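Please read them with the coordinates open.

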Amino acid sequence: MRILIAGAGAIGGYMGARLARAGEDVTLFARGAHLSAMRERGLRILTEEGDFEVRPKLIGSLKGAGSFDVIIVGVKAHALTSLAPDLKPLIGPATTVVSTQNGIPWWYCNLESVDPGGVIAASIDSSRVVGSIVYLGTEITEPGVIRHMEGNRITLGEPDGTRSERCRAIAEALIHAGLRCPVTTRLRHEIWVKLLGNVAFNPLSALTRATLGQMARDTGVRHVVVGIMTEVSAVANRLGIELPISIDQRIAGAEKLGDHKTSMLQDLEAGRPLEIEPVAGAVLELGARLGVDMPQTRTIYACTKLLEAATIGAGTSK
């Protein structure tokens with residue numbers, strides 16, 4: 001199975017390194033200093049289980065890369081709009097594209113906040129897509145070096161809820177690489193479990209610079225978290241989705257992670273654009289369609305958009 005990691009950053013690079021160490025035929029696509037460092041010194045992974053280094057196949061351009069059996073899209077959701085047209089020539093009649101993005105993915109439904117102008121959908125046919133929910137805590141500590149802090153699970157699933165041979169084959173490769181990779185028939189439901197936490201904690205972490213544990217333990221912030229999660233749950237319920245855990249259980253799960261910084265806070269500290277649209281913006285867009293009032297979510301979203309514009313210069317708030 002020929003695998004391409006399209007975006008070998010913290011998540012994609014870690015997955016690619018695991019696959020390479022397990023002997024899978026994997027190619028990593030990266031750019032800039034990270035690519036240069038990997039070409040010069042290899043890709044080094046730092047973990048509590050023990051550090052390791054791999055020298056996978058690397059490319060800095062997708063032109064002429066050929067076709068692949070599996071393309072794992074490792075870029076952040078807001079970067080996929082520009083990447084998707086470059087992926088289109090690599091997708092053959094039997095290629096599977098695995099999405100790993102936070103928030104509501106582009107294939108879930110037609111949302112302008114996730115796929116402006118429908119560029120992604122026009123480039124990646126929905127029949128080629130397998131969805132995933134990633135539970136990995138990783139970061140690039142320096143070019144060519146990725147630290148793994150927590151988690152080793154990647155849940156796969158068909159968007160239509162069926163079981164498929166392609167899901168099973170990809171899961172086997174990831175399990176062989178040392179990752180937990182269950183296959184679910186309830187992917188659309190499970191996305192909302194992660195969303196419940198992401199919509200509340202990610203923007204709040206950017207605004208407060210606080211860790212998950214700090215936010216969960218603070219009485220005032222916890223009250224805001226409960227309000228946002230209640231609004232998100234209302235949107236899910238309008239879609240016919242009953243969440244399998246309570247709000248208190250979701251907050252308790254975040255509290256157990258202690259001093260973990262959300263990916264949005266890490267992006268803010270690194271001066272990178274924030275994944276606010278596919279996480280909070282998409283849920284707000286769905287809420288508006290379904291007639292769900294979401295005042296607390298909208299307030300936090302607006303503040304985070306302004307923070308991004310003021311500190312990163314990624315545009316103006318809506």
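Predicted model: local features only at pLDDT ≥ 70, side-chain atom pairs only at ≥ 80, totals over all residues.

1. Cavities. How many cavities of 30 Å³ or more does the structure hold? There are 2.

2. Lining of the largest cavity. It is lined by 14 residues. Closest to the centre are Gln 101, Gly 103, Ser 132, Ile 133 and Lys 194. Strand E8 (129-142) and helix H6 (187-208) each give at least two lining residues. H6 supplies the largest share, with 4 residues.

3. By class, the largest cavity is lined by 6 nonpolar, 7 polar and 1 charged residues. Check the polar groups here if you plan to look at this space.

4. Second largest cavity. Its lining is Ala 77, Leu 80, Gln 101, Ile 104, Pro 105, Trp 106, Val 114 and Ile 120. The class count is 7 nonpolar, 1 polar and no charged residues.

5. Glu 277. This residue lies in helix H11 (residues 276-290). Is Glu 277 buried or exposed? It counts as buried because its relative accessible area is 13%, and the cut-off for buried is under 20%. Its side chain makes a polar contact of 2.7 Å with the side chain of Tyr 301. A further polar contact, of 3.1 Å, joins the side chains of Glu 277 and Lys 305.

6. Main nonpolar core. The largest nonpolar core has 70 residues. Which members touch the most others? They are Ile 71 and Trp 192. H6 contributes the largest share of this core, 11 residues. In soluble globular proteins, nonpolar side chains tend to be buried together.

7. Trp 192. Leaving aside residues up to four places away in sequence, Trp 192 touches Ile 104, Tyr 108, Val 232, Val 235, Ala 236, Leu 239, Ile 241, Leu 243, Val 283 and Leu 286.

8. Second core. A separate core of 34 residues is present too. Its members include Ala 17, Ile 72, Val 134 and Ala 177.

How values were computed: Residues numbered from 1 in each chain as written. Heavy atoms only, no water. 1 Å grid on protein atoms, 1.4 Å probe; cavity = no way out; pocket = protein on both sides within 12 Å on 5 of 7 lines; lining within 4 Å. Points joined across faces, edges and corners; volume = space filled by probe spheres on them. Nonpolar A, V, L, I, M, F, W, Y, C, P; charged D, E, K, R; others polar. Buried < 20%, exposed > 50% of the residue type's maximum accessible area, 1.4 Å probe, protein only. Polar contact = N/O pair within 3.5 Å; in protein donor to acceptor, adjacent residues only side chain to side chain. Core = buried A, V, L, I, M, F, W, Y, C linked by side-chain atoms within 4.5 Å. Contact = heavy atoms within 4.5 Å.
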